[in-house]
Amino acid sequence: MVEVYLFDWGDTLMVDFPNVSGKMCDWIAVESVVGAKDTLESLSKHAQIYIATGAEDSTELEVKLAFERVGLSAFITGYFCKANLGLVKGSPDFLKAIISKLNKPVENIAMVGDNFEKDIKPALAVGINPIWFTPKTNEVFSENIRKISKLSELCT
């Protein structure tokens, strides 16, 4: 049973507009990914929700501010980023640091993300349940990876 969901930020829960730079909390317009609010609301009733982001220029507070702008912060327990972990996302060490702070068995933690290299591979390396959010691809992998094309699939 999943007790903790770690979610990637950009293009998993919030749209990462390719032509906009700087901190997302300062962007003129921000937008959540379709289904993000309903999914987080549903999951937060029986699990903790954390953000595990690779954003290197935003602090924990700035990440939270961006989520507040789209009405998602109420469902999020906490935020992990380079600023508060001292590690860059994409390596197993990033997730190991999070695991040590959560104090939960790895088999009860799931990582949901859209980037196979930075989200799914490191999750597999440390024993976290990987959930690949990939609405635009039909790639199939032989590894034990749950693949979803809509966030709402997490609630079924």
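**A look inside**

Modeller: Let's begin with cysteines: the structure holds zero disulfides, a disulfide being a pair of cysteine sulfur atoms within 2.5 Å. This is a predicted model, so local features need pLDDT of at least 70 and side-chain atom pairs count only at pLDDT 80 or more, while totals for chains, interfaces and linings use all residues. Residues are numbered from 1 along each chain as its sequence is written, and side-chain values use heavy atoms, with hydrogens and water left out.

Cys 25 is buried at 13% relative accessible area, whereas Cys 155 is partly exposed at 36%. Here buried means under 20% relative accessible area, exposed means over 50%, and partly exposed is in between (1.4 Å probe, protein chains only).

Now for strand 1 (4–7). Helices (H or I, at least four residues) and strands (E, at least two) are DSSP runs, numbered from the N terminus. Val 4 and Leu 6 point one way from strand 1, Tyr 5 and Phe 7 point the other way, and all of them are buried. Strand 1 runs parallel to strand 2 (48–52), and four bridges join the two; for strands to pair, DSSP has to find at least two bridges between them.

Ala 36, Thr 39, Leu 40 and Leu 43 are its buried residues. Look down the axis of helix 1 and those buried residues fall within an arc of 95 degrees, so they line one face; the arc is that of the directions from the helix axis to the C-beta atoms. As a rule, an α-helix has 3.6 residues a turn, so residues three or four places apart point the same way. The buried residues of helix 1 pack against strand 1 and strand 2, and contact here means heavy atoms within 4.5 Å.

A nonpolar core is a set of buried Ala, Val, Leu, Ile, Met, Phe, Trp, Tyr and Cys residues joined through side-chain atoms within 4.5 Å. The largest one has 33 residues, and Tyr 5, Phe 7 and Phe 67 touch the most other members. Strand 1, helix 1, strand 2, helix 2 (60–69), strand 4 (109–113) and strand 5 (129–133) each supply at least two residues of this core. Not counting residues up to four places away in sequence, Phe 67 touches Trp 9, Leu 13, Met 14, Ile 51, Leu 72, Ser 73, Ile 76 and Tyr 79. Apart from this core lies another, of 17 residues, with Leu 85, Ile 98, Ile 99 and Ala 123 among them. In soluble globular proteins, nonpolar side chains tend to be buried together.

Phe 67 also turns up among the aromatics: with Trp 9 and Tyr 79, Phe 67 forms one aromatic cluster. There are six aromatic pairs in the structure. Rings of Phe, Tyr and Trp (its six-membered ring) pair if their centres lie within 6.5 Å; planes under 30 degrees apart count as stacked, over 60 as edge-to-face and the rest as tilted. Phe 17 and Trp 27 have ring centres 6.1 Å apart and planes at 45 degrees, so that pair is tilted. Trp 27 is buried at 7% relative accessible area, while Phe 17 is partly exposed at 26%.

Back to the strands: strand 4 and strand 5 run parallel, joined by four bridges. Strand 5 is mostly covered, with four of its five residues buried. Pro 130 is found in strand 5 and is buried at 8% relative accessible area. Met 111 stands opposite Pro 130; their C-alpha atoms are separated by 5.1 Å, although the two are 19 residues apart along the chain. Leaving aside neighbours within four places in sequence, Pro 130 is in contact with Met 111, Ile 120, Ala 123, Leu 124, Asn 144, Ile 145 and Arg 146.

Thr 12 is buried, with a relative accessible area of 0%. Not counting residues up to four places away in sequence, Thr 12 touches Phe 7, Val 33, Val 112, Gly 113, Asp 114, Phe 133 and Leu 151.
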